[in-house]
Amino acid sequence: MFAGKTVIITGASSGLGRQMAQDFASRGANCVLFGRKEDKLAETLSLCKASGAQAITITGDVSLPEDCQRLVNESVERFGGVDIYISNAGLSMWAPFDEVEDLGIFRRLIEVNYLGAVHGAHFALPYLKKSQGQFAAMASIQSKVGVPYHTGYVASKHALEGFCEALRFDLEGTGVNVLTVHPHWIRGTDLRANACSFDGNTLGENKRSHNKESITPEECSLAVLEALRKRKCELIIPNKLKLVPWLKLLWPGYLRKKIQSMVKGQGE
């Protein structure tokens, strides 16, 4: 299904973005790799080309509309169109709200996690309409439920969830599919290390570890590709997290205790 299709992946320099790029490349897709770190993008590019796929890198920041416009324009110039746009670039945080010293964290989280997706969708949409393609947003299970120490992150992902839900209405009849992906914590990525701390700096080496309930980039990537193949509107991974909205509605006290226990279990 993906052979010959042009796929734009933001946040492609590491983690889940890099894994999705490899998986699309191995299936013959033309991969456009977007991120802020040129050297890391070059590593992803080499992995894609090792599969014999056509791929290019474009550096930029999803929070800047002009960078997203350039991303789409250069993709179309190189490959003639856009079939799938994956809004994967993201930023996290780990800090109790009452300890936050730098309120700029909240603006940055909105700019990257929410507006970054809006910018990409805006510029890619004319081409997705032509190809009757797909827009996929990497949301989070935290798009549906609050989590301690993640106030700004949760808010940005709730905004992204609402945007995608409304966008589906606006695109009815156009042939464009909108997929929102709600994964558990993903281990083996830089997201936790790069998360904002209370003072606006990154957690870095003080990042908390992921517990056994987290998923791998490989698991998540393959699930995303399968959801795109089936043109699904929503993917929750792992499957047991599909209970979260029901628990929130019917047994909110139990869910609250479960979330607190899981976050505490992350360790230092």
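These legends go with a handful of close-up views of a predicted model.

The model is predicted, and local features need pLDDT of at least 70, side-chain atom pairs count only at pLDDT 80 or more, and totals for chains, interfaces and linings use all residues. Residues are numbered from 1 along each chain as its sequence is written, and side-chain values use heavy atoms, with hydrogens and water left out.

View 1. Strands here are DSSP runs of E with at least two residues, helices are runs of H or I with at least four, and both are numbered from the N terminus. Two strands pair if DSSP finds at least two bridges between them. Strand 1 (residues 6-10) and strand 4 run parallel and are joined by three bridges; Ile8 has Tyr85 of strand 4 as its bridge partner.

View 2. Contact means heavy atoms within 4.5 Å.

View 3. Ten of the eleven residues of helix 1 (residues 15-25) are buried, so the helix is mostly covered. Buried means under 20% relative accessible area, exposed means over 50%, and partly exposed is in between (1.4 Å probe, protein chains only). Among the buried residues are Leu16, Arg18, Met20 and Phe24. The cover includes strand 1, strand 2, helix 2 (38-49), strand 4, strand 5 and helix 6 (217-229).

**View 4. Now for Ala124, a residue of helix 4.** Ala124 is buried, with a relative accessible area of 0%. Leaving aside residues up to four places away in sequence, Ala124 touches Val72 and Tyr85. The C-alpha atoms of Ala124 and Ile8 are separated by 9.4 Å, although the two residues are 116 residues apart along the chain.

**View 5. Aromatic rings take over here, with five aromatic pairs counted.** Rings of Phe, Tyr and Trp (its six-membered ring) pair if their centres lie within 6.5 Å; planes under 30 degrees apart count as stacked, over 60 as edge-to-face and the rest as tilted. Trp94 and Tyr149 have ring centres 6.0 Å apart and planes at 35°, so this pair is tilted. Trp94 sits in the loop between strand 4 (84-87) and helix 4 (104-131), and Tyr149 in the loop between strand 5 (134-138) and helix 5 (151-170), so the pair ties together parts 55 residues apart in sequence. Trp94 is buried at 6% relative accessibility, whereas Tyr149 is partly exposed at 31%. Phe97 and Phe106 form an edge-to-face pair, 5.7 Å centre to centre with 75° between the planes, and Phe97 is exposed at 51%.

View 6. His150 is buried, with a relative accessible area of 1%. Not counting residues up to four places away in sequence, His150 touches Ser92, Met93, Trp94, Gln142 and Trp185.
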